[in-house]
Amino acid sequence: MSRMKGASLAEVVTRHLHAAGRTVAGEKGDRAANAVTSAVGLGRIDICDHPACPDCAPTDRA
């Protein structure tokens with residue numbers, strides 16, 4: 001059986017919760033999503049504001 005490439009289920013769920021939180025409540029929703037996902041053991045998503053960060057830097061994608 002081969003291992004699938006890509007994001008794990010935990011990462012997908014975490015990212016969806018963060019997207020929903022940001023859409024609904026902005027920065028407060030993001031913090032709330034971090035609290036929930038941390039509490040259930042899914043992890044956290046921290047977005048830094050460093051302009052050269054390859055993970056967080058703004059892109060031209062819409």
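Where in the chain is D30 found? Select D30 in the viewer: it is found in helix 1. The model is a predicted one, and the stops below go through it residue by residue.

**Whole chain**

Start with everything shown. The chain has 62 residues, and 16% of them count as buried. Its accessible surface comes to about 5,300 Å², and 59% of that surface belongs to carbon and sulfur atoms. Colour by secondary structure next: the chain contains one helix and zero strands.

**Helix 1**

Select residues 9-39, which make up helix 1. A straight helix of 31 residues would span 45 Å at 1.5 Å a residue, whereas helix 1 spans only 17 Å between its end C-alpha atoms. Where does helix 1 bend? Centre the view on A25, where the bend is about 145°.

Now pick out the residues of helix 1 that are buried: T14, H18, G21, G29, D30, A33, N34 and T37. Then step past the end of the helix to G41, which follows helix 1 and has a positive phi, near 85°.

**Salt bridges**

How many salt bridges does the structure hold? There are three.

Begin with E11 and R15, whose side chains meet in a salt bridge with an N to O distance of 2.9 Å. Because E11 and R15 are four residues apart in helix 1, about one helical turn separates them. In general, an α-helix has 3.6 residues a turn, so residues three or four places apart point the same way. E11 is partly exposed at 33% relative accessibility, and R15 is partly exposed as well, with a relative accessible area of 47%.

Move on to R22 and show its side chain together with those of E27 and D30. These residues, R22, E27 and D30, are linked in a network of salt bridges. In the bridge between R22 and E27, the closest N and O atoms are 3.7 Å apart. In the bridge between D30 and R22, the N to O distance is 3.3 Å. The side chains of D30 and R22 are also joined by a polar contact of 3.3 Å.

Is D30 buried or exposed? D30 counts as buried because its relative accessibility is 6%, and buried means under 20%.

**N34 and its surroundings**

Select N34, which lies in helix 1. At 5% relative accessibility, N34 counts as buried. Which side chain does N34 contact? Show H18: a polar contact of 3.1 Å joins the side chains of H18 and N34. H18 is itself among the buried residues of helix 1.

From C-alpha to C-alpha, D46 and N34 are 8.3 Å apart in space, and twelve residues separate them in sequence. D46 counts as exposed, at 54% relative accessibility, whereas N34 counts as buried.

**A10 and L42**

Go back to the helix and select A10, whose place is in helix 1. A10 is partly exposed, with a relative accessible area of 30%. A10 and L42 are 5.6 Å apart in space, C-alpha to C-alpha, although they are 32 residues apart in sequence.

**Nonpolar patch**

For the last stop, switch to a surface view and select L9, V13, L17 and V36. What do these residues make? L9, V13, L17 and V36 make a nonpolar surface patch of about 350 Å². One of them, V13, is found in helix 1. V13 counts as partly exposed, at 34% relative accessibility.

One is the bend of helix 1 at A25. Another is the network of salt bridges that links R22, E27 and D30. The remaining one is the nonpolar surface patch made by L9, V13, L17 and V36.

Methods
Residues numbered from 1 in each chain as written. Predicted model: local features only at pLDDT ≥ 70, side-chain atom pairs only at ≥ 80, totals over all residues. Heavy atoms only, no water. Patch = residues over 30% accessible without salt bridge, like charges linked within 9 Å, V, L, I, M, F, W, Y side chains within 5 Å. Areas by Shrake-Rupley, 256 points an atom, 1.4 Å probe, with all protein chains shown as cover. Salt bridge = Lys/Arg side-chain N within 4 Å of Asp/Glu carboxyl O. Helix = DSSP H or I, 4+ residues; strand = E, 2+ residues; numbered from the N terminus. Buried < 20%, exposed > 50% of the residue type's maximum accessible area, 1.4 Å probe, protein only. Expected span 1.5 Å × (residues − 1). Bend = angle between axes of the 7 residues up to and from the residue. Polar contact = N/O pair within 3.5 Å; in protein donor to acceptor, adjacent residues only side chain to side chain.
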